[in-house]
Amino acid sequence: MKDWRYWLAEQRGTLFAFGIFIVMFAIYSANHPAGFTANVVQTAANKGVLLAFVAMAQTLVVITAGIDLSVGMIFTLTNCMASWLVIGTGLETGFGVLAVLGTGLLCGAINGAIIIYGRLQPIVATIATGAVFFGLALLLRPVPGGSVNEDLADFLTGRFFGVVPASLVALLVVVLVVWVPFSRSEFGRAAYAAGSSEMAAYMSGVPIRRGKFLAYTLAGLLAAIGGLFLTFFTYTGEAAYASGNAYTLFSIAAVVLGGVSLFGGKGSAIGAIFGALAFRTIGDLLFVFDFDPLWQPLFQGVILLIAVSLGAFALFRVRNRLEWFL
Amino acid sequence: MDGAAPLFRMEGISKRYGGVRALEKADLTVTAGGIHAILGENGAGKSTLIKVMAGVVAPDEGTMTLDGHEVSFASPAAANQAGIVCIFQELSLIPELSVADNIVISDPPKRFGMIDRKAQRRIAEQALARAGASDIHPCALVKDLPLSRRQMVEIAKALARKPRILILDEATSALTAADVAKVFEVLKRLRSEGLALLYISHRMNEIAELADHCTVFRNGRNVASYPAGSKSDNEVVELMIGREYSHIFPPKPGPAPAATTVLEARKLSWADRLDNISLSVKAGEIVGLGGLDGQGQRELLLAFFGVLRGISGEILIDGKPVSIASPTAASHGRIGMALIPEDRKTEGLMLPMTVRENLSFAALDRLSKAGIIDRVAEQRLIDDMVGLLAIKTAGLDIPVGALSGGNQQKVVIAKWLMRQPRIILLNDPTRGIDVGTKQELYQLMRKLADAGAAILFYSTDYDELIGCCDRVLVLYDGAVKRELVGAEITEHALIASALNIHGDDNRIGLGGKA
Amino acid sequence: MSETTLGGLAGRMPKFLRRADPAVVTAFACIVLLLFLGSLYSRSFLSPEYLLQQLKVASFLGVIATGMMLVILLGQIDLSVPWAVAAGAMMACAAAAYGSAGVALAIPFGVLCGVAIGIVNGIGVAYLRIPSMIITLATNAVAQGLMVVYTGGFSPQDSATAAMRYLATGFTIPGVPNAVIIWALIGAAMVFMLTRSSFGRAVYGIGNRERAAYLSGIDTRRIVLIAFAVSGGLSAFGGVLLAGYASKAAQSMGDAYLLPSIAAVVLGGTSILGGRGSYLGTVAGVILITLLQSILSVMQMPEAGRQIIYGVVIVAMLLLYGRAPASR
């Protein structure tokens, strides 16, 4: 086989998500009253990018065969934080952004430390830390409010050269600055190795713990970038429990759609981004077809249910039933 | 490169696991530029020896010297650093990563802190070429490769670590004949490059072709060392057997002439692990499964017990074909089968649960009415079993994990006897338990057979097969290669057929032990 | 050797102490501590009226946590609690709008909806072997979607039936709220099932080592399916009671019960990895959580502080009891 075929096989999940997204978006924009205009693209991008950041965060953790049920709450917390700090002069805004991102890193590091060094199950640990993060968010914003540096916000949610949505460019930059170096580093590989087969990784002398810790920490950072962008879109901070939970849930759906295996070791954040964009577009399809928006949660729930059930088909290839219990 | 200056030497190495001694003052000398074969039966101590060498386990006593300096390894990584690299039987490859990723996994080439993929690819290609596996694409994912290719990747991975001493533990067991030939060329080239190679294999012909020097292990000791080719196969088998019989077995009356066949298999095949197996077990008969470890014996027992999917062929109970879809189906109703599984800690028992709960676990349906456990009946049956098997426990309500290995195994057997099974499958039940308990189990097996049970008994200990079984089927590569009946069951016959050495000219005067 | 000494020492202790899990003892100790701290804050804290009121509030959580415990004992988790609770409440109230037959069948219908959610979970976990955390999140989303479609996104106008109100707020025995009696009955049934039935033994066995349970001839998939169905049904029943308490159902009324129900089970010493835990511990955990909530609200601690304290307490307790073995 040629090299490109291996590349293709490796990227199959990502390409699949990309394909779904393209098809869905084509249907969406073709039926949109305004058609395929820069405006429609910009609005769609701004909505999709938020979930894309959170889905990237979830990807990092899922690759290690873990799960982070607190990403939505980190997202909410950093949103509330940004509504206080990302304001004022350029310098003040800059420090505010750094503080918000630093908070995300810290949240992720706390998750990682509790799970890896405290040896707790990721699921319960992140539900509990999620409660703490949400509590902090409520502390910051008991009622919705606050403001943000609107120049920066408008710049990052607007369009470059009148066509390219700035949020997409920002997403690309984050991919290049966070995801690419991580996935190509020794620790990124350790995260993959630990997720794929922790025993083999151990026997091969891979730095499992540091790889996993880095994955959780960077997940916090990515969720914080998402929270920052939420503030740029809404100009306010809000400690909304339902929205935080929904983002956690949708991030899992996006990750699965993006070809990332929930059993770990497989998939890429690029796939999860397309999964997120596709998931958002599917949800919005109902609008352009004039369905009652009430149907949206059900529609998204069913997509999620189908997405998570897809992985079960591997089960029918198992020939030794004892392998069910591994 | 002369034998007078050994590269690596182990002296007086001992290792115990619990009460079982795996190595007892073992010595080994390895010279550069040579291929050293290590031979021995299952459990002779070979695996432990190389684990000590490779830093996986620490020896209880003894010294190791490398280049004349004393060394000790805290981890496999430390042994790698010193130039000792081992290719283990269980693969250490990460399935979702590419071949190249796996080959450089422990020390990838880096540029600006990131993995240098070009350099990594180059290293991988070189290593694959050195291993004679340049047909494997470095970008392929390991999980997509067949087992034999993975084994080649494993060898390439070891070579990429630039070893001085390379240990191959049954490294060719999964390979095709063409691959074996390639690997042999590689090994011979490595020898000429001055590496020391340690080669562990059950395949006599491989050893004859490769080895410069052989050491035979038995009961945790090195019993003989000799230049390759200076002893015949028969002499080697003699050395491996030794003359130590430590067990006393009950007499074998054999099944009554009128006994009916209870369990039968016809042309049973599964995946590439079971190959056209036909066998039958009569009531009151103990049929042994022999052969080297991992030749399909476990899968055969699991196939009977309804665990495997996609079996072809027929299973007959009392002469009638049945389809058994789960252990529930196998153990309940008129089939009445029991399986004493391979690993009592993960498959036989729930260690944190109490002795009582474990004992009644397989018979809950019999002990309860309308789903409610009849505690009086439970107590009565448990008392019977504890008495019958003489289970030594400080009480019925302590965790079963607190019992000794032998008593744990008794609990596993007792929990199945609570169902009064007609067919009993035993998967190496005496592994890691003390001699006294072993004797009791032999007596018990015979008692059960005399009471009419049909018993299929897999053991890695040839003595047991000889002492306990009315017939032994020797498996090789998933197929029954030989059936030994009565006086034919000798250690020599077992080993010779297990190694798949053909012809009766191997038979020497070891017969009539029965 | 230490085991025999321990055994000898334990043999001389009363039976209930001998079998007590340190986690359960700790949880009860924390309850006493909370009551003590509360009484420092306010005299009325130790009054029978207040305590009974707390017990009544605890009983809703207690019913829901009972189902959660069953699932956690299997080594699984049920994250569909929020909308199983809401669906139970809403569907029971909805049924009440359909004449006298609807009123009569309101409670079983609500519970049945929860059982249906649980069965979907159970099929996903037991037969498709989807991680329970994932499938239950998904069914939660679907249940939410169904309820949103049904109610139009607003709190439904149907109100609870008299029977529901009676179960949640009435008194059959003077002085003892019905809700407490219901919790006691469900708890007793659960204890009996866990300790005396073959189903209960199988649950513990699967939680400890599913492989061994399977090889022992237990139909593990059926047991897991039933456990999830029971969990869904109990969540919905909790919702029915809550609807009776508040006279009607509300959107997202179940959200406040997911974390506390997991926390109550885990704080009561049930291992999150499954196979170990007693119902007494869950009772202790439920009371502990309820008292904690009550004290925080009496102290007028804002929701934010409550969430933070919850999270921190759970992580701290888990670090004490719930850690995976270190060996590798």
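Biologist: Why is helix α9 of chain A called mostly covered?

Modeller: In this predicted model, 10 of the 11 residues of α9(A) are buried. The test for burial is 20 or more other C-beta atoms within 10 Å. The residues that pass include A:Phe187, A:Arg189 and A:Tyr192.

Biologist: What do the buried residues of α9(A) pack against?

Modeller: They pack against parts of two chains. From chain A come α3 (38-63), α8, α10 and α11 (208-234). From chain B come α3 (99-103) and β8 (114-115). A contact here needs C-beta atoms within 7 Å.

Biologist: How many residues does each chain give where chain A meets chain B?

Modeller: Chain A gives 24 residues and chain B gives 25. On the side of chain A, the elements with two or more residues are α1 (3-10), α8 (166-184), α9 (186-196) and α10 (198-203). Of these, α9(A) gives the most, with five residues. By class, this side has 10 nonpolar, seven polar and seven charged residues.

Biologist: And chain A with chain C: what makes up that contact?

Modeller: It takes 44 residues from chain A and 47 from chain C. On the side of chain A, α6 (122-140), α12 (241-257) and α14 (296-310) each give two or more residues. The largest share, 13 residues, comes from α6(A). By class, this side has 35 nonpolar, eight polar and one charged residues.

Biologist: Pick one residue. How do you know whether C:Ile314 is buried or exposed?

Modeller: Count its neighbours. C:Ile314 has 27 C-beta neighbours inside 10 Å. The cut-off for buried is 20 or more. So C:Ile314 counts as buried.

Biologist: Where is C:Ile314, and what is it in contact with?

Modeller: C:Ile314 sits in helix α15 (residues 303-321) of chain C. Leaving aside neighbours within four places in sequence, C:Ile314 is in contact with A:Ala128, C:Ala263 and C:Val266. The C-alpha atoms of C:Ile314 and C:Ile262 are 9.4 Å apart, though 52 residues separate the two along the chain.

Biologist: Now chain B. How is chain B divided?

Modeller: Into domain 1 (8-241) and domain 2 (261-506). The C-alpha centres of these two domains lie 34 Å apart.

Biologist: What makes strand β21 of chain B largely enclosed?

Modeller: Five of its five residues are buried, so β21(B), residues 423-427, is largely enclosed by the rest of the structure. Both faces count. B:Ile423, B:Leu425 and B:Asn427 point one way. B:Ile424 and B:Leu426 point the other way.

Biologist: How do you know that β21(B) pairs with β18(B) and β22(B)?

Modeller: Pairing needs at least two bridges. Strand β18(B), residues 337-340, has four bridges to β21(B), and the two run parallel. One of the bridge pairs is B:Leu339 with B:Leu425. Strand β22(B), residues 454-458, has five bridges to β21(B), also parallel. There, B:Ile424 is partnered by B:Ile455. Both strands therefore pass the test of at least two bridges.

Biologist: What links β21(B) to β22(B), and what hand does the crossover have?

Modeller: The chain passes through helix α16 (residues 435-450) of chain B, and the β-α-β crossover is right-handed. The word means that the path runs clockwise when the strands point away from the viewer.

Biologist: Why are β18(B) and β24(B) called edge strands?

Modeller: Start with the order of the open six-stranded sheet: β18-β21-β22-β15-β23-β24, with mixed pairing. β18(B) and β24(B) (479-485) each have a single partner strand, so one side of each is left without a neighbour in the sheet. The twist averages 20° from one strand to the next.

Biologist: Which helix lies across β21(B)?

Modeller: Helix α9 (residues 297-304) of chain B does, at about 150° to β21(B). It also lies across β15, β18, β22 and β23 of chain B.

Biologist: Which strands stand at the edges of the other open sheet in chain B, and why?

Modeller: That sheet has the order β6-β9-β10-β3-β11-β12, again six strands with mixed pairing. β6(B) (84-87) and β12(B) (221-227) each have a single partner strand, so one side of each has no neighbour in the sheet. The average twist is 20° from one strand to the next.

Biologist: How do you know that β12(B) pairs with β11(B)?

Modeller: At least two bridges are required. β11(B), residues 213-218, and β12(B) have six, in the antiparallel sense. B:Thr215 has B:Ser225 as its bridge partner.

Terms used:
Residues numbered from 1 in each chain as written. Chains lettered and ligands numbered in written order. Predicted model: local features only at pLDDT ≥ 70, side-chain atom pairs only at ≥ 80, totals over all residues. Domains from an automatic or database assignment. Nonpolar A, V, L, I, M, F, W, Y, C, P; charged D, E, K, R; others polar. Buried ≥ 20, exposed ≤ 12 C-beta atoms within 10 Å, placed from the backbone. Axes fitted to C-alpha atoms, helices over the stretch in contact; angles between N-to-C directions.
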